[in-house]
Structures are given as C-alpha cells and as structure tokens.
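Grab your viewer and work through the exercises below. Try each task before reading its solution.

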Amino acid sequence: MSIQKMIDRKKLDERVVRMPGYVQQFIDYKLPDLSPSTLLEYVRDYEQFFGWLIAEGLTSAAVIGDITLYDLEVLHMESIVAYRLHLTTRTEGTNSKVTVSRKMSSLRSLFHYLSQIAEDENFYPLLKRNIMAKVEIKRIHKPKDTAAKLKGKILEEEEITEFITYIAEGYREDIQDNKQALHAFELNRERDACIASLILNSGLRVSEIVNLNVNDLDLANKLLYVFRKGHNDETFKTPVYFREQSKDDLTHYLALRHTRYKTPKREKALFVTIPNGSKEGKRMTKRAIQAMIIKYAKRFGKPYLTVHKLRHSFATDYYLQNDIYKTKEQLGHASTETTEVYAHLTDKTMSEAIERRN
C-alpha cells in the first residue's frame with residue numbers, strides 16, 4: 001500500500017466510526033474495490049450531507065451517528081434539490097459543478113447500496129424507499145470540453161525543455177536580490193528540476209511521485225515501479241517508462257540526495273526535503289511539490305501551470321508520437337475515454353500537419 005493510501009486509511013478508520021452503522025457497513029462493502037482515498041472522500045461527503053440534515057431540522061438526531069434509515073426514507077425531492085442548491089450557492093466554500101456532481105454521486109452510491117444490496121435479518125432491503133434513484137446526475141467531464149479548457153494552459157514542444165532548464169538555472173536570475181530565496185534555490189534546484197523533468201518525461205501523477213522509493217528506480221532501463229491509481233492489487237507496482245532526459249536528471253539528483261539532504265539510510269523516499277526544525281531528510285509531501293511547481297510557473301510566465309498540467313503537457317506531447325492505447329497505458333488511465341482529451345488537444349496540431357508539404 002502506498003504512503004498516501006496508508007495515511008488515508010488511518011483517517012478513514014478514525015472518521016467512519018462517527019458515522020451511522022449502515023454507512024460503516026457500506027464502507028466495509030466497498031473497501032475491497034475502492035481505495036481508502038476514495039472512500040475517505042465518500043465519508044466526507046456523507047458528513048456534509050448529514051450535517052446539513054441536522055441543521056435543516058430534517059432529522060431529530062443531534063449527532064450524525066444517530067441519523068436513522070427512516071430519516072433517509074422520508075426525504076422529499078424538494079429536500080434533495082435544496083441540498084444541491086446549498087452546495088452551489090453557500091457563501092463559504094462554494095462548489096464547482098464537477099464537485100457537486102461527485103458529492104451527489106457519493107450519496108446515490110450509498111442509497112443504492114442500502115435499497116438494492118444490503119438486507120436486514122428478514123432479507124428485506126435496509127432502505128425501503130430510495131429518493132436518490134430519482135436524481136439525474138449529468139456527466140460533467142466531456143473530453144472535448146476538458147481539452148478546450150486546457151488549450152493554451154499547458155507546455156508545448158520546446159517549452160517542456162525550457163521549463164526544466166528554467167528551474168535548474170534560469171530562476172536564479174529572477175531572485176538574485178533575495179538572499180533567502182536564493183539560498184533555498186541553490187539547495188533544491190537539482191531536486192526540483194528532476195521532479196519537473198520526471199513528470200514531463202513520464203506523465204506520473206503527483207501522488208505517484210510522492211510515493212516513489214529509491215528502489216523503485218531502474219535507471220539502466222529507464223523504468224519506475226509505481227502504485228497506480230485505481231489498481232485493486234495494492235501489492236503490485238506498475239512499470240512506467242521515462243525519457244532519456246529524466247535519466248540524466250535523476251542521476252544528477254541521486255548523486256547529492258544523501259549528502260545534501262542528510263538523508264538517513266532508513267529513509268526510502270526518492271524525493272526528500274529537510275523540514276523546518278529537522279536535521280535530516282524526509283519524504284516530500286504532495287502539497288510541497290504542488291507549491292514548488294506553482295512557484296516556478298509564476299516566474300516562468302505561466303501562472304496557470306500546475307503539477308497536473310505538467311502531466312497534461314507530457315500526455316499531449318506523447319500522444320502526438322503514439323496511439324491512444326499506448327497513451328492510456330503510459331498514463332495509467334482506466335479507459336480510453338479519459339485519454340480522448342489529448343486527441344482533442346492535438347486537433348490543431350494535426351490539422352496543421354496535414355497541410356505541410358515535404
């Protein structure tokens with residue numbers, strides 16, 4: 001199990017015990033098929049929904065754990081509409097359409113389980129009436145729409161190499177008057193450039209980067225072994241190839257990983273940092289890597305660039321040289337439907353290519 005999954009499993013165990021028993025039963029049912037990270041999001045969605053039921057007086061329960069199945073059975077459609085409206089219009093933490101769709105899907109999964117799968121001692125469904133069966137949840141993520149939003153917001157062609165070079169060298173000139181920032185840059189520039197290079201030359205997710213250990217790396221064959229998102233076998237690591245540039249960047253970084261970051265032998269993480277107040281290197285966090293990329297992106301003149309857009313940048317570049325099935329495998333997508341985004345992103349490039357003459 002990956003580091004992040006272990007953390008999320010612990011958080012899941014801590015939070016699910018405060019849920020009604022039927023929610024705990026649902027989580028146990030889903031645990032073999034879904035990751036702890038996904039189930040933790042489910043529980044957070046249920047906490048929000050149940051908290052809203054209490055606040056609106058739609059249950060007599062004082063705490064979430066006491067909300068009954070009957071409370072769910074007698075909900076009217078107008079209450080579900082009101083909750084959806086609450087998610088989209090509340091003054092603090094307004095949710096996007098994508099987030100609202102996901103939260104409603106979480107509820108529908110729970111209600112479906114309670115009304116169609118779970119049984120009481122007399123073999124009757126736990127939930128006699130399923131109000132969520134009436135709720136239509138429209139598909140939000142359409143590949144063509146996602147591609148349209150990404151156009152102009154990813155790195156293309158020579159920009160990929162330029163961004164890596166900027167992190168390794170160019171950033172210095174932009175911060176030369178800031179001694180503190182300059183010191184941090186000189187300490188971390190090889191590591192930071194290596195992380196950006198690896199994403200831009202393999203398409204790894206930030207969670208996959210965070211979970212990498214030194215022994216997951218096979219430099220000779222330009223391979224990494226990673227826990228892929230959504231893979232049910234948590235003992236299996238998928239081999240993922242990376243390009244030659246990353247081999248050079250990894251070799252450079254590995255030569256200084258131990259000495260510069262005072263990394264103890266017990267620390268297995270590939271990418272490490274020395275946290276404030278600590279004297280030795282520890283595994284970098286997902287948040288630290290995300291903040292690091294944003295920092296460089298702003299100075300580079302691409303303030304909209306994020307870790308995930310680096311992955312999109314690689315995927316678009318890779319798709320131009322390969323078919324959709326190879327791109328799907330390289331990125332670790334569950335289906336080619338997700339990979340279709342890059343077909344739409346490369347439409348312009350393809351249309352220009354057909355007009356070129358030898």
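A residue counts as buried when its relative accessible area is under 20%, as exposed when it is over 50%, and as partly exposed in between. Keep in mind that you're looking at a predicted model.

**Exercise 1. Work out which residues of helix α11 are buried, and what covers them.**

Step 1: Find the helix. α11 takes in residues 244-260, 17 residues in all, and spans 24 Å from its first C-alpha to its last, close to the 24 Å expected at 1.5 Å a residue.

Step 2: Apply the cut-off. The buried residues are Ser246, Asp249, Leu250, Tyr253, Leu256 and Arg257.

Step 3: Think about the spacing. An α-helix has 3.6 residues a turn, so residues three or four places apart point the same way.

Step 4: Look at the cover. Among the elements lying over those buried residues are helices α8 (158-174) and α9 (179-200), along with strands β1 and β4 (272-273).

Step 5: Step off the end. After α11 comes Lys262, with a positive phi near 50°.

**Exercise 2. Describe how α5 and α6 pack against each other.**

Step 1: Start with geometry. The axes of α5 (residues 77-89) and α6 (residues 97-117) come within 10 Å and cross at roughly 145°; the crossing is right-handed.

Step 2: List who meets whom. From α5 you have Ile80, Tyr83, Arg84, Leu87 and Thr88, facing Val100, Lys103, Met104 and Leu107 from α6.

Step 3: Sort them by type. This contact has six nonpolar residues, one polar and two charged.

**Exercise 3. Is Asp120 buried or partly exposed?**

Step 1: Asp120 lies in the loop between α6 and α7 (143-150).

Step 2: Check the number. Its relative accessible area is 21%, so Asp120 is partly exposed.

Step 3: Look for partners. Once neighbours within four places in sequence are set aside, Asp120 contacts Leu126 and Lys128.

**Exercise 4. Sum up the whole chain: how many helices and strands are there?**

Step 1: Count elements. The protein has 16 helices and five strands.

Step 2: Check burial. Of its 358 residues, 43% count as buried.

How values were computed. Residues are numbered from 1 along each chain as its sequence is written. This is a predicted model: local features need pLDDT of at least 70, side-chain atom pairs count only at pLDDT 80 or more; totals for chains, interfaces and linings use all residues. Side-chain values use heavy atoms; hydrogens and water are left out. Helices (H or I, at least four residues) and strands (E, at least two) are DSSP runs, numbered from the N terminus. The expected span of a helix is 1.5 Å times one less than its number of residues. Buried means under 20% relative accessible area, exposed over 50%, partly exposed in between (1.4 Å probe, protein chains only). Contact means heavy atoms within 4.5 Å. Axes are lines fitted to C-alpha atoms, for helices over the stretch in contact, and angles run from 0 to 180 degrees between N-to-C directions. A crossing is left-handed if the near helix is turned anticlockwise from the far one by less than a right angle, and right-handed if clockwise. Ala, Val, Leu, Ile, Met, Phe, Trp, Tyr, Cys and Pro count as nonpolar, Asp, Glu, Lys and Arg as charged, and the others, Gly among them, as polar.
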